[in-house]
Amino acid sequence: MTTEHAQQSQEHIGQTRRRFLAAAGGAVGATAAAVSLGPAGSAAAAPAAGRRVAVLGGGVSGLSAAHELAERGYAVTVYEYYDRLGGKARSMDVPGTGSGGRRPLPGEHGFRFFPGFYRNLPDTMRRIPFPGNAGGVHDNLRGGTEALFARNSGRPDLHFPLRRATTLPAPGDITPSWLRDQILSVLDLGTRLPAHEAAYFADRLLVHLTSCDARREDQWEKVSWWDFIRAGEMSTEYQTLLGIGQTRNLVATRAEIASTRTVGRVIIEALLLWGLLGRGMDGDADVDRVLNAPTSEAWIDPWETHLRSLGVEFVLGTQVREVLYAQGRVTGVRVSDRDGGRERTVTADHYLSAMPVEHARATWGAALRAADRQLGRCDALRTDWMTGVMFYLRTPTPVVHGHINCLDSPWSVTGIGQAQFWDVRDFSRDYGDGEARDCLSVIVSEWDKPGILYGRTARECTKDEIVAELWAQLKDGLNDSGKTTLRDEDRIGWFMDPAVTGLGGPDPQNREQLLIHPTGTLYNRPTAGTAVPNFFLAGDYVRTDVDLATMEGANESARRAVNALLEADDSDTERCRVRELYRPPEMEPLKRVDELRHKLGLPNTFDLG
């Protein structure tokens, strides 16, 4: 493999990897007995009175909606911009890198992460047959055992075990004082925070844990995480670990603007606290899970195969131009080929928009927006860049059995060694030209701060400069304390999503951005059902219980959209089950007290300022 080939930025169009398709096509029937395939545990029902649904977008939300609809007998057609399904989750072949019977090197927008608190998406994954897996593609998930919080300047790295507790607290044992002790013990063992700062942070978590829903929506949604934990008054270490490290590095939102409701409820509570305590999880899942192969191989391609077997049709390479509205209903959708050619109007009985918000809202005309004002409020929703680079290495370099968080990197760098989780005997035998033996997938979450090599932001750098800068920041975090984890001579190529264009020029663009969660975001998020009786919304920007922009949110929104469609259709078909985030029963009495205090205009019991 040449570095030049690995650096090509054009979308690879042609033959795609489907090594399992022949096997999967024959295995669907054999595997179906072990997989729940829909309402009443059956395969697709008979067509529902000719009801046709146009799903706009073939990412996680669009495929989730198509799955639920097809199982309920609807005739579904999915219109997708790219030539492969999966949206930001899809894998992309690195052009010109496969030889000697090997598959091309796998490239992706960024690594996939399936926290243990995901429960809606794992349910769907169990219903996607995969040859040899009783639990469908869900059985392709593998658990990471620890996270590495890498520090530079000689500061000790933090290895954080991610196995959930083997001895769980009994019902009723979780009290505010018990929780406070647990939080303090973790901070004491894993950080060098001053005692008074650790104590203050633990107290702030108690405030959020015991806040009622109304206070979270009315008060904490309007307060930034930075202000909630008073990061501005604390040490640099406190700001880095508990402010930036929990927001920018994980969800591409700055702590100074990130909603406390979102950060506290999802990242701190669902992901870390209840995850490590084994509460509200996907069965016996641990906190951190990844796939055992490139995403399309392990998940998206089998999904496409299964949906086709249920009668779903796919129209790829298609751009949605406008959702047409007249006389109180959507009457059709104007689409074209991706390059703008062959424009036409497609029609259906129902229309489900499942595109990312920055693309979906561009298709809503004035008449449609006037029919439902929540569509206009979507203009206030914000997105930002969170894009990865995949490094292909000559030597296996797993670093840690889980994710890496370079806490001191100016570009908020996170990553994971992929090949250690993939079920291949030898990476070099399956991918590329036999030279690459590992894949280190790294994400840049901060594109607007100067780097350490060129003193420029990521948006201001060329792709080559981003790669050099990113590699330098990785080494700065990992090659310290007398060890050399990454060596320049091991790096033989890289890949960045071709959706990122114009880098180093006056107008850099990224077609695949991420919804972020500044304060007040909740108030502008739409519901899955709209005031237009045959128009529905799915995507991680739609209001869901999980709240955070995630694949779980995309899947949950699709379930809510399908349920709204079934209601509009007056269908007696079983509704999609929506699993909400875990609510510890021990906290409910304290939340009821807080509900009364909130109504009286009083602060939370634990809120001492």
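**Entry 1: the largest cavity**

I looked up the lining of the largest cavity, and its residues divide into five nonpolar, no polar and six charged. The model is predicted, with local features needing pLDDT of at least 70 and side-chain atom pairs counting only at pLDDT 80 or more, while totals for chains, interfaces and linings use all residues. Residues are numbered from 1 along each chain as its sequence is written, and side-chain values use heavy atoms, with hydrogens and water left out.

A cavity is a set of points, on a 1 Å grid over the protein atoms alone, where a 1.4 Å probe fits but cannot get out; a pocket is an open set with protein on both sides within 12 Å along at least five of seven lines; a lining residue has an atom within 4 Å of a point. I find seven cavities of 30 Å³ or more by this rule. The volume of the largest cavity is about 100 Å³, where a volume is the space filled by probe spheres set on grid points, joined across faces, edges and corners.

The lining is made of D213, R216, R265, E269, A270, W274, L581, Y582, R583, P584 and K591. The largest share, four residues, comes from α10. Helices (H or I, at least four residues) and strands (E, at least two) are DSSP runs numbered from the N terminus.

**Entry 2: the second largest pocket**

Which residues lie closest to the centre of the second largest pocket? I first noted its space, about 250 Å³. Of its 14 lining residues, E217, R261, R265, T544 and D545 are the closest to the centre. The elements giving two or more residues to this lining are α7 (213–218) and α10 (260–276). Here α7 gives the most, with three residues. By type, the lining holds two nonpolar, two polar and 10 charged residues.

**Entry 3: salt bridges**

A salt bridge is a side-chain nitrogen of Lys or Arg within 4 Å of a carboxyl oxygen of Asp or Glu. I get 51 of them by this rule. Side chains of opposite charge can pair when their charged atoms come close.

In the bridge between R579 and D123, the closest N and O atoms are 3.7 Å apart. R579 is in the loop between α17 and α18, D123 is in helix α4 (residues 120–126), and 456 residues separate them. R579 and D123 are both buried. Buried means under 20% relative accessible area, exposed over 50%, and partly exposed in between (1.4 Å probe, protein chains only).

R560 bridges to E580 with closest N and O atoms 3.5 Å apart. R560 is in helix α17 and E580 in the loop between α17 and α18, 20 residues away. R560 counts as partly exposed because its relative accessibility is 26%, and E580 is partly exposed at 41%. I also noted a network in which salt bridges with shared partners join E68, E71, R72, D123, R127, R559 and R579.

**Entry 4: positive phi**

Most residues other than glycine have a negative phi. I noted S412, which is not a glycine, with a positive phi of about 50°. S412 lies in the loop between β16 (403–406) and β17 (413–417). D570 also has a positive phi, near 55°, and sits in the loop between α17 (551–568) and α18 (588–599).

Are these residues buried or exposed? S412 is buried, because its relative accessible area is 4%. D570 is exposed, because its relative accessible area is 72%.

**Entry 5: a surface patch**

Which residues form a nonpolar patch on the surface? I452, L453 and Y454 do, with about 280 Å² of accessible area together. Accessible areas come from the Shrake-Rupley method with a 1.4 Å probe, and for residues only the protein chains shown count as cover. Patches are made of residues with over 30% relative accessible area and no salt bridge; like charges are joined within 9 Å, and nonpolar side chains (Val, Leu, Ile, Met, Phe, Trp, Tyr) within 5 Å. I placed I452 in the loop between β18 (438–444) and α16 (463–478). I452 is partly exposed, with a relative accessible area of 44%.

**Entry 6: two distances**

I looked up P106, in strand β4 (residues 106–108). P106 is buried, at a relative accessible area of 1%.

A367 is in helix α13 (residues 366–371) and is partly exposed at 41% relative accessibility. The C-alpha atoms of A367 and F391 are 47 Å apart, and the two are 24 residues apart along the chain.

Note on methods:
Ala, Val, Leu, Ile, Met, Phe, Trp, Tyr, Cys and Pro count as nonpolar, Asp, Glu, Lys and Arg as charged, and the others, Gly among them, as polar.
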